[in-house]
Amino acid sequence: MKRRTAIKVVALSTLSSIPAAGQGFRVLGVAWDAGEYRLRFFTGQENELLDKLMEMIIPADAHSPGAQEARVSLFADLMVATSGDHVKEQWRKGLRLMREEAARSSLAGALAKAAAGEKRKPSSDLERFFTALKGMTVDGYYTSAIGIHQDLQYQGNTYLASFPGCQFPKLAD
Amino acid sequence: MKLYDVCIIGSGAAGGVMAKELSEGGAKVILLEAGQEVDPSQFLSHKWPYQLPYRGLRGEKQALFYPKDIAPVRYEHCDPVGVDRIRVLGGRTLHWNAVTLRYAARDFRQGLLDGVDEDWPLSYAELEPYYDRIEQIIGVCGNDDHLEILPGGKHYLPPLPWRCSEHILGRTLKKLGIPLIDVRKALNTRPYDNRPPCHYCGHCMDGCDAAAIFTTPDCMLPKARATGNFTLRTNAIAREIRADREGQARAVSFVDRLTKKEEEVRARIFVVCCATVESARLLLNSRSPQHPAGLGNSNGVIGRYLHGHLGGGMHIYLAELEGVKPFNQDGATDHTYIPRYNQLFGKADYAGGWGIQVNFASYMFPYQAHDMAGYGPAFKERVRKMQPGFLFFGSFGKILARPDNYVTVDPNQVDEYGIPVPVVRFRFGRNDYALWRALKQSMLEIASNLKGTSFPHFGNSPGGFGSHEVGTIRMGKNPKTSALNSFCQSRDVKNLFVTDGSCFTASSEKNPTLTILALSLRAADYIKEQRRRGEL
Ligand SMILES: Cc1cc2nc3c(=O)[nH]c(=O)nc-3n(C[C@H](O)[C@H](O)[C@H](O)COP(=O)(O)OP(=O)(O)OC[C@H]3O[C@@H](n4cnc5c(N)ncnc54)[C@H](O)[C@@H]3O)c2cc1C
Ligand code: SF4
């Protein structure tokens, strides 16, 4: 089960979730909306490729900006930079595989090939990398101001005097 | 050195009510709490993910409650379970979800009725007055639904209004013969207990900054303090309880987390409320010539019978709400509850059941984006359109209490204060697997009756414990298989009580905390009475 599910459900199914709730928190002073962010793990070249791939996964459209404007690759950099060696290795290698595959076909072709494993069990390093890449893009985009406010137009996290209940008379009893 | 009447160790649900009751009853009480006091202004509940270093994905919102110096747990020969050990004033009441369910009469008699577990040494009728009292002390919203499987009280605050998804679910369940009721939560739907009403932000599990939910610091400690009989020591980690020559508890030694100094508190009575794992750890670490296997552990039961809840979750996206203009659905997390229903459909090949909590996952994050295949413009649009239809199920199922599942301590591995760490060993049994399979199948069947897309999250095998661990210092009828009598009093050590979830004889599918509170309240009455009589 994924960690981003409500903490309690997570606690039901993974050994590591509760310790993780208390660990790994350091205030880094990262202002995600503004401010300069200096890459900690990816090289400039890697970041450029990542940025393109992430924008292909969640692109800008008429409704809202995409992963690029939400600076999701920088979020990925922070997450990977603060992860263990195994994770770092997977990302470095994954981006290399993507680059090599893109050289043989195109970036769109490489992404399509990597994504092919999604509907079955991923069976190659490239396919396994896609799982990580898409997961990170989803996490980064939908926790950004752009993802929350512009794309999903989430209306909550407020202080209400009363809760209105169902406002669609056809759906309420 | 000062001699207190009562020393309570741990300030969660159990310790809080004990401190209030005994201070109000005139006893001089000291409460030792391992954690620090966290002011609600420090809570990060309302922060947006992008205002947090890791977007909240690494537990930043709860980090204040889980400091780094909590002793590590060693899991040995273990199925995928996790035990929750908090360290903060108020314990887990600081970020609980406040679903408050009474055990049914049959939940206390599963040995007799179902042939599993042992019967509790007390009945529903004996605990009922304490359920009534505690519900009024903490303030519970909801209804008496007149269900045998989920008894109700008479003094509930108004229930929470249902969301559209809950109306849709209710209609579907009705067709299946399964009830959906107003959730019972220790949460103010109107001003109560000098605390304000809820503002429907959905952040209960990150800490309520308004005191609208029941917590020990907001509800119990002000009343204890008002008596003038109450002393609080935070950052005080109990190391061991020391016995006198007769084997009665005499003093507790503790280490001050800030000064690192060892200190001692003496009292006439000790009440251990450190929660299931830490309470067992404390007693097992309290060895003396009179109690070589740990305090109150002459029959070797302490640490055994560890269990909690198993379960799984499901994300559902209802077709009826797909594509509607986004609206604020946060509310107070769950507004409805599916009480245990499998007993309505004949006899099963396993004992026990499950309940399903509805909609306690955040509405902010589109979980379906992780669950759905695809990428690109169509994927993005689909995620967006599905989001208003979000409906969440989180189930809690019964696990049997078995002696070979246990917490122990390892004297060779100590935490940074030199205290032996807890070791957990747990395996699911045959009944647990059978119940988990039935639960899974039933939730899939419910989902298949709803119009929409569902994403089950069950994993490949059961997991536990949903922060509901209980059972390691159990009460019981049989002195060979229990450590406490029905008043949470140690059989070996008359002036030692344990009133947190470790005192449970066996579990039902219901969340444990209302029963912990009721048992602690009952034990407090007993202590008052015994003191009056000069017995303690
Ligand atoms: C996210 C979440 C949601 C939950 N939702 C629900 C719900 O909806 N309904 C429900 O019934 N339950 C729920 N629970 C569970 C509920 O919080 C616990 O059952 C309840 O708080 C247990 O109370 P307790 O007093 O036994 O222990 P705790 O609340 O865990 O308190 C134990 C206290 O003891 C202290 N302590 C431990 N060791 C020592 C020591 N050596 N010396 C001094 N102090 C010590 C700890 O610091 C802590 O303050 C939830 C829990 C979580 C985490
Ligand atoms: S939903 Fe209500 S009870 Fe929960 S945190 Fe918000 S104000 Fe507090």
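1. By class, the shell around ligand 1 splits into 20 nonpolar, 12 polar and 7 charged residues. Here Ala, Val, Leu, Ile, Met, Phe, Trp, Tyr, Cys and Pro count as nonpolar, Asp, Glu, Lys and Arg as charged, and the others, Gly among them, as polar. Keep in mind that this is a predicted model, where local features need pLDDT of at least 70, side-chain atom pairs count only at pLDDT 80 or more, and totals for chains, interfaces and linings use all residues. Residues are numbered from 1 along each chain as written, chains are lettered from A and ligands numbered from 1 in the order written, and side-chain values use heavy atoms, leaving out hydrogens and water.

2. Ligand 1 sits between chains A and B. It is surrounded by 39 residues, and the closest include B:E33 and B:R92 (a residue is near if one of its heavy atoms lies within 4 Å). The largest share, 3 residues, comes from β6(B); helices (H or I, at least four residues) and strands (E, at least two) are DSSP runs, numbered from the N terminus.

3. Now the polar contacts (pairs of N or O atoms within 3.5 Å). The side chain of B:E33 has an N or O atom 2.6 Å from an oxygen atom of ligand 1, and a backbone N or O atom of B:A13 lies 3.0 Å from a ligand 1 oxygen atom. Taken alone, ligand 1 exposes 1,000 Å², and the protein buries 98% of that (Shrake-Rupley method, 1.4 Å probe).

4. Is B:N229 buried or exposed? B:N229 is buried, at 14% relative accessible area (buried means under 20%, exposed over 50%, partly exposed in between; 1.4 Å probe, protein chains only). Its side chain reaches the backbone oxygen of B:S23 at 2.9 Å.

Technical notes. Polar contact = N/O pair within 3.5 Å; in protein donor to acceptor, adjacent residues only side chain to side chain.
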